[in-house]
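Here's a quick tour of a single-chain fold, written with the cut-offs spelled out. Have the viewer open as you read.

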Amino acid sequence: MAVTKISVSPEASKWFRESMGIPEGGGVHFFGRVYGETNAHDGFSTGMSRHDHPTRPIVDQVVDGIHYYIEEAEDWFFEGLDVQVGYDKSIDGPVYHYAPNDGSKLDTHAHSSKKEP
């Protein structure tokens, strides 16, 4: 399975720096949490917290000097998926979109990944 990639839009990067007060060298930890849904998960949503020092990251993407990362313990939530972090003005906060990183498409009814014929 391919390693998860994290993409952070310029607007989302600005929101994390300004709203969360994250300085250069700081970090944002992404994780799966119970309840809610994403375009790839039913019953789980994306959580995030400020945490500057990852312990066992499986991916650590630096954008504008900030580390956006996923820990090894959260592999169950992100396995096989890339996450795109954007900004939604209507909620004044980040939004998350997932895409399979193996060339498949998400089955929007089952919230799972499937290969195209």
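## A helix across strands

Which strands does helix α1 lie across? Helix α1 (residues 10-19) lies across β1, β6 and β7, and runs at about 70 degrees to β6. That angle is between N-to-C directions, on a scale from 0 to 180 degrees, with axes as lines fitted to C-alpha atoms, for helices over the stretch in contact.

This is a predicted model: local features need pLDDT of at least 70, side-chain atom pairs count only at pLDDT 80 or more, and totals for chains, interfaces and linings use all residues. Numbering starts from 1 along each chain as its sequence is written, and side-chain values use heavy atoms, with hydrogens and water left out.

## The overall layout

The chain has two helices and nine strands, following the pattern β-α-β-β-β-β-α-β-β-β-β along the sequence. Helices (H or I, at least four residues) and strands (E, at least two) are DSSP runs, numbered from the N terminus.

Of the 117 residues, 39% count as buried, meaning under 20% relative accessible area with a 1.4 Å probe, protein chains only. Among contacts (heavy atoms within 4.5 Å) with a separation of 6 or more, 53% come from residues 24 or more positions apart.

## The open sheet

Three strands make up an open sheet in the order β1-β6-β7, with mixed pairing. β1 (6-8) and β7 (93-100) stand at the edges with a single partner strand each, so one side of each is left without a neighbour in the sheet. The twist from one strand to the next averages 20 degrees.

Two strands pair if DSSP finds at least two bridges between them. β1 and β6 (residues 81-88) pair in the parallel sense over three bridges, and Ser7 has Gln84 in β6 as its bridge partner.

## The hairpin

β4 and β5 pair in the antiparallel sense over six bridges, with Asp60 standing opposite Tyr69 in β5. The two strands form a hairpin with two residues between them, and Asp64 in the turn has a positive phi of about 50 degrees.

## The core

The largest nonpolar core has 21 residues, and Ile6, Phe16, Phe30, Tyr68 and Val85 have the most contacts inside it. Such a core is a set of buried Ala, Val, Leu, Ile, Met, Phe, Trp, Tyr and Cys residues joined through side-chain atoms within 4.5 Å. Elements giving two or more residues to this core include β1, α1, β2 (27-37), β4 (57-63) and β5 (66-71).

Terms used
Buried < 20%, exposed > 50% of the residue type's maximum accessible area, 1.4 Å probe, protein only.
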